[in-house]
Amino acid sequence: MTMKDNHPIRILFGSFFSSGLRAKRTRVFMLLAMVPVLLMLAARVMQGVGTVSAGDVAGFFSHFMLSLYFQLLIPVLALFFGSSIVNDELDNKTLVYLTTVPVRRRSVLLGKYLAALLLAALLIIAGFLLCFLAASLTRLGDAAVWEELGLFLGTSLLALSCYSALFTALGAFMKKSILSGLFFVFGWESVVQYFPGVTQKFTIVHWVKSLLPIPPGQNSFLSFQLQPSPALESVLVLLAASLLFLYLAIFIFERKEYILSDNA
Amino acid sequence: MTAVLRAEKLSKWYGNILGISDINLEIGSGITGLLGPNGAGKSTFLKIAAGQLKPKLGALTVFGEAVYGNPRLFRRIGFCPEHDSAYAEMSGRGFILLLARLHGFAGAAAAAKAEKALATVGLLDSQERAIKGYSFGMRQRLRLASSILHEPELLMLDEPLRGVDPVWRIRIMQLIKDYGKLGRTVIVSSHILPEIEAMTNEIVLIHQGKIFAKGDIHRIRGLIDSHPHQVSIRTAQPRQLAARLIGSEFISGIEFAADNRGLTVHTNQRDPFFTALMGLLAESGMEADEITSPDDNLQAVFDYLIGK
């Protein structure tokens, strides 16, 4: 069954996706997403002039680039896009337009969430694809390379949807959610993943990393104190968490009274 | 009168700050002016009526139904908010078309509704421009378009004339009057009495969160006109002017300015006094640099009416 053209979720998705493409925030994050590409190209150039070996370049990708994407870029993009779904409406006092039309609040939230998710995904995937191709230029004929790419992209999408749903809920709950989100990403997630026992399972990054190949080496950014969780379990947990956070976001957004200023 | 909007013991406060208190009100078809000074509770009342805020106590119904959390009702309600808010990156047409589609109009019908609303507020020529390039007055007209595009049975306008240029002020007032003549219900708020006066005779006075008076504007005008007014006149000949004014039956007192460049006249009959003053100035050839009425604002009138 397909969603009708005039379904509110589809209308809102289309409208906010196209206006999101023109937004200043998207342009800033597009530049940010290109930083790893430039780093990767620089590594390739250094390999070309013989400063570093091909093995070093491969190591650079598996150690540094994956960490950069999965521990920094994906959570940060999800934070800014996810929390803006409700926060932008409050800051710009535009929520009134979406809550005085005959559309349920859940449709508003879902339409905007999907638009934000697609925008963030396009930025991540475009940058990641270029990085990956630069890293694997000499191995493009190898089927395993493409399998690996599929794994990375699938994991990226799962991570993005989970983080975005979490930060959408946070944005629906509190007006200034960026600080709390940053604390979550760089505080809780960074510290707890190295705790012994099952505590690290209370982070999103644990389940994300469980899907990625563990690179060789002692000081890897992706090293684990515990063995990673099984892949299927990780996928299911990330999907379930995405749905749970999204449900939480809808629950809050439908019940919370948002008081825009100038109440007189 | 069949009430379109009914408020019963309606109260709302924000923490320790009172928004409105114990409001009982019924509003039927036609235009009703909601008049009160800034901070009186007009916007709070309209936001509750538009489903933006939950009542703390009491109830408010529109067409017999509670508004908060009842999106179905918005097919019949239009709301123009007071604050200057817009999706800056969207074009004027994109914004109105989005709302038309969310109101359930599809394809050509949505485009026709958007075009009609934009034409009504004079924004067809600039419809493709991004809203961030609009002037304040244009954004105000765009907000008005957003509230009328689906031709609601109940239209609520919160300070719709704020920031609008004089030409469009007159056009919007006419638009509101025409809308009321169609038998629909319009509630328009303002803190400027002449604005409301130009649109309707039916008025609700709101002050400090309470309904202070409701009814025909002429009765309320009578109350306001009996309020002692002060009129300040800046002139190079204050004593000569005072000598000519002192015998007037409309004057209860005169004070001279400390710099001897003006005088303040106390009157209980403002309009006749102004007529007499203009005649006197014309006849005597005396020049007045400035004539102001320091308490000719709604707050002063309300303070007088409630006996402050």
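The model is predicted. In chain A, helix H1 covers residues 8–22 and helix H5 covers residues 105–135. The two pack with their axes 8 Å apart, at an angle of about 40°. Angles under 35 degrees would count as roughly parallel, and 65 to 115 as roughly perpendicular; H1(A) and H5(A) are therefore oblique to each other. Their crossing is right-handed. On the H1(A) side, the contact is made by A:Pro8, A:Ile9, A:Leu12, A:Phe13, A:Phe16, A:Phe17, A:Gly20 and A:Leu21. H5(A) contributes A:Ser107, A:Val108, A:Leu110, A:Gly111, A:Lys112, A:Leu114, A:Ala115, A:Leu118, A:Leu119 and A:Leu122. By class, the residues of this contact are 14 nonpolar, three polar and one charged.

Empty space comes next. Rolling a probe the size of a water molecule over the atoms shows where such space is left. The largest pocket holds about 620 Å³, and 28 residues line it. Nearest its centre lie A:Ala23, A:Arg25, A:Asp88, A:Asn92 and B:Glu89. H1 and H5 of chain A return here: together with helix H2 (24–48) and helix H3 (54–91) of chain A, they each supply at least two residues of the lining. H3(A) provides the largest share, five residues. The lining of the largest pocket divides into twelve nonpolar, seven polar and nine charged residues.

The structure also has four cavities of 30 Å³ or more. In the largest cavity there is about 120 Å³ of space. It is lined by 15 residues, and the closest to its centre are A:Val96, A:Tyr258, A:Leu260, B:Lys47 and B:Gln52. Eight residues of this lining are nonpolar, four polar and three charged.

The second largest cavity has a volume of about 80 Å³. From chain A, its lining includes A:Tyr97, A:Thr100 and A:Val101. From chain B come B:Ile77, B:Gly78, B:Phe79, B:Leu99, B:His103, B:Ser146, B:Ser147 and B:His150. S6(B) gives the most, with three residues. The lining of the second largest cavity has five nonpolar and six polar residues, and no charged ones.

Methods. Residues numbered from 1 in each chain as written. Chains lettered and ligands numbered in written order. Predicted model: local features only at pLDDT ≥ 70, side-chain atom pairs only at ≥ 80, totals over all residues. Heavy atoms only, no water. Axes fitted to C-alpha atoms, helices over the stretch in contact; angles between N-to-C directions. Helix = DSSP H or I, 4+ residues; strand = E, 2+ residues; numbered from the N terminus. Parallel < 35°, antiparallel > 145°, perpendicular 65-115°, else oblique. Left-handed = near helix turned anticlockwise from the far one by under 90°. Contact = heavy atoms within 4.5 Å. Nonpolar A, V, L, I, M, F, W, Y, C, P; charged D, E, K, R; others polar. 1 Å grid on protein atoms, 1.4 Å probe; cavity = no way out; pocket = protein on both sides within 12 Å on 5 of 7 lines; lining within 4 Å. Points joined across faces, edges and corners; volume = space filled by probe spheres on them.
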